Protein chains: 2
Amino acid sequence: MDIAVDPKLLEILVCPLTKTTLLYDRQNNRLISEAAGLAYPILKGVPIMLIDEAEIIDETKASELRDLFTTKGDT
Amino acid sequence: MDIAVDPKLLEILVCPLTKTTLLYDRQNNRLISEAAGLAYPILKGVPIMLIDEAEIIDETKASELRDLFTTKGDT
């Protein structure tokens, strides 16, 4: 197939939660947000960019974020 | 940032409708399904892989698909 693969795509995709760049975990076919400690699955070729569907891969970071979003910081 | 950009990502992403590979339209920041005649937007870095949110870029192909999904072909 005559498909132009553009590596720029990964540079513009971000985590919907932290807005930071994602890593493509080719082995497990998912997009990793290191900042959020979450992995977004790619199901049948379709990336599922929903926090509720993401897998927690770093409990510490994920719970930090949960705290951040439940307890609103002062200032 | 120490981000490994993996061009393989685009090779595994597919159109949710036609299951064919997508093209990254860098200029308009969207993912194009040539087979479906649709473009999936990337909003704030998050690809929206929903048919209802896609923009029709090829009316002929898009309507062919609509026919396919509304009129069920005989065996």
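Predicted model: local features only at pLDDT ≥ 70, side-chain atom pairs only at ≥ 80, totals over all residues.

1. Residues are numbered from 1 along each chain as its sequence is written, chains are lettered from A and ligands numbered from 1 in the order in which they are written, and side-chain values use heavy atoms, with hydrogens and water left out.

2. Chain A contains two helices and five strands, arranged along the sequence as α-β-β-β-β-β-α; helices (H or I, at least four residues) and strands (E, at least two) are DSSP runs, numbered from the N terminus. Of its 75 residues, 39% count as buried, where buried means under 20% relative accessible area, exposed over 50% and partly exposed in between (1.4 Å probe, protein chains only). With contact taken as heavy atoms within 4.5 Å, 21% of the chain A contacts between residues at least 6 apart in sequence join residues at least 24 apart.

3. Leaving aside residues up to four places away in sequence, Leu9(B) touches Leu9(A), Leu10(A), Leu13(A), Tyr24(A), Leu31(A) and Ile42(A).

4. Six salt bridges are counted over all chains, each being a side-chain nitrogen of Lys or Arg within 4 Å of a carboxyl oxygen of Asp or Glu. In one of them Glu55(A) pairs with Arg30(A), the closest N and O atoms being 3.2 Å apart; Glu55(A) lies in strand E5 (residues 55-56) and Arg30(A) in strand E2 of chain A, so the pair ties together parts that are 25 residues apart in sequence. Arg30(A) is buried at 16% relative accessibility, whereas Glu55(A) is partly exposed at 45%.

5. In chain B, Arg30(B) and Glu55(B) likewise meet in a salt bridge of 3.2 Å, N to O. Here Arg30(B) is buried, with a relative accessible area of 15%, and Glu55(B) is partly exposed at 46%. Another salt bridge joins Glu59(B) to Arg66(B), with the closest N and O atoms 2.7 Å apart. Salt bridges that share partners also join Asp25(A), Arg30(A) and Glu55(A) into one network.

6. Helix H2 (residues 59-70) of chain B has twelve residues and reaches 16 Å from its first C-alpha to its last, close to the 16 Å expected at 1.5 Å a residue, the expected span being 1.5 Å times one less than the number of residues. Asp58(B) caps the N-terminal end of this helix, with a side-chain oxygen 3.1 Å from the backbone nitrogen of Thr60(B). At the start of H2(A), a side-chain oxygen of Asp58(A) reaches to within 3.1 Å of the backbone nitrogen of Thr60(A).

7. Two backbone angles deserve a look. Asn29(A), although not a glycine, has a positive phi of about 50 degrees and is found in the loop between strand E1 (23-25) and E2 of chain A. Lys44(B), also not a glycine, has a positive phi of about 50 degrees, lies in the loop between E3 and strand E4 (46-47) of chain B, and counts as exposed at 73% relative accessibility.

Conventions. Polar contact = N/O pair within 3.5 Å; in protein donor to acceptor, adjacent residues only side chain to side chain.
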